[in-house]
Amino acid sequence: MRSVKETMLEFLFPPRCAICGSLLPLEKEERLLCPDCLAHPPFLTGEKCQICGRPTDNDVLCHRCRHGDFLFEAGTAAFSYETMQEEIAAFKFHGYRHEGERLSHLMAEYLLREHPDWITWADVLTEVPLHPNKLRFRGFNQAEILCEGLAKETGMYHVPGVLERRVDTLPQSSLKAAQRKENLKNVFGVAKKEAIEGKRVLLLDDIFTTGATLQECTRTLLRAGAAAVRIYCLSVVCKEEDFEQNSIEKP
């Protein structure tokens, strides 16, 4: 059941297509997409980087990930960040928590289409954590909401709170790529070690930018005994100007 706040927000801001933003009839508010986007969701398909999911030209890795030395064995993303930018912002920063249901539905559909073997590969599904200060400010962890919906639709075993963020760092968006790595050293810990020891972990987040956060989370999981880690993100930053800008994350 939705809160009074969410109901008022829906009245003031009627439901729109999660992809193109076109207005949906109020009686169809549970529909996630307009007919056009429902028929042809703009998923990232074809040749993709095996680390981040960005489109490539017949290469296994994109030019950004080629020299990244990532610890997770594979990664993918359902959409380009540029396609989902407004929807992600509404979900994370404007209190539209129920948007997570729509987005997790799309993530499930993509995984079932493009990587159905990942569903059986993963022993545990978990999320990138927020620091308690940011969690109190936002009211929820967007990655955990996405995990809940994905687990519900695919049957994967979701264990929330496996990782914890022990240091309230500077926002990654305020830093350059090299600084992001330093900013995250010794930031994460494992709160539920028994849940991932010897297990294959699918780690979920909303945006893949440089991969620094996901790399440090993976390092922490492997040190705690996880057998292997793969990454699944709602979106990946594809355009160079979006990769360089510092407006993707907010405190």
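Lys 48 sits in the loop that runs between helix H2 (35-39) and S1. In this predicted model, Lys 48 is buried, because its relative accessible area is 13% and burial is set at under 20%. Leaving aside neighbours within four places in sequence, the contacts of Lys 48 are Gly 53, Arg 54, Pro 55, Thr 56, Asp 59, Val 60, Thr 76, Tyr 110, Glu 114 and His 115.

His 115 belongs to another loop, the one between H4 and H5. With a relative accessible area of 16%, His 115 is buried. Residues up to four places away in sequence not counted, His 115 touches Lys 48, Thr 76 and Tyr 110.

Asp 69 is exposed, with a relative accessible area of 65%. Its backbone has a positive phi of about 55°, although Asp 69 is not a glycine. Most residues other than glycine have a negative phi.

**Overall content and confidence**

The protein chain contains eleven helices and six strands. Of its 251 residues, 52% are buried. Among contacts between residues at least 6 apart in sequence, 73% join residues at least 24 apart. The mean pLDDT of the chain is 84, and 80% of the residues reach 70 or more. Over residues 246-251 the pLDDT is below 50, and this stretch has 21 contacts in the model beyond near neighbours in sequence.

H4 has 16 residues and spans 23 Å from its first C-alpha to its last, close to the 22 Å expected at 1.5 Å a residue. The buried residues of H4 are Glu 99, Gly 100, Arg 102, Leu 103, Ser 104, Leu 106, Met 107, Ala 108, Tyr 110 and Leu 111. They pack against S1, H3, H5, H7, S5 and S6. Tyr 110 in this set is one of the residues that His 115 touches.

Leu 135 is found in helix H6 (residues 132-138). Leu 135 is partly exposed, with a relative accessible area of 36%. Beyond residues up to four places away in sequence, Leu 135 touches Leu 130, Phe 140 and Asn 141.

In soluble globular proteins, nonpolar side chains tend to be buried together. The largest nonpolar core here has 41 residues, and those with the most contacts inside it are Ile 19, Phe 79, Leu 125, Leu 150, Met 156, Leu 204 and Tyr 232. At least two residues of this core come from each of S1, H3, H4, helix H5 (116-121), H7, S5 and S6. A second, separate core of 31 residues includes Ala 77, Val 162, Val 201 and Ala 226.

Ile 19 is in contact with Leu 33, Cys 37, Pro 42, Phe 79, Thr 83, Met 84 and Leu 106, leaving aside its neighbours within four places in sequence.

**Cysteines**

The count of disulfides comes to zero. Cys 17 is buried, with a relative accessible area of 3%. Cys 238 is likewise in no disulfide; the nearest cysteine sulfur belongs to Cys 52 and is 7.3 Å away. Cys 238 is partly exposed, with a relative accessible area of 25%.

**Accessibility of selected residues**

| Residue | Relative accessible area | Class |
|---|---|---|
| Cys 17 | 3% | buried |
| Lys 48 | 13% | buried |
| His 115 | 16% | buried |
| Cys 238 | 25% | partly exposed |
| Leu 135 | 36% | partly exposed |
| Asp 69 | 65% | exposed |

Technical notes:
Residues numbered from 1 in each chain as written. Heavy atoms only, no water. Helix = DSSP H or I, 4+ residues; strand = E, 2+ residues; numbered from the N terminus. Buried < 20%, exposed > 50% of the residue type's maximum accessible area, 1.4 Å probe, protein only. Contact = heavy atoms within 4.5 Å. Core = buried A, V, L, I, M, F, W, Y, C linked by side-chain atoms within 4.5 Å. Disulfide = S-S within 2.5 Å. pLDDT = per-residue confidence, 0-100. Expected span 1.5 Å × (residues − 1).
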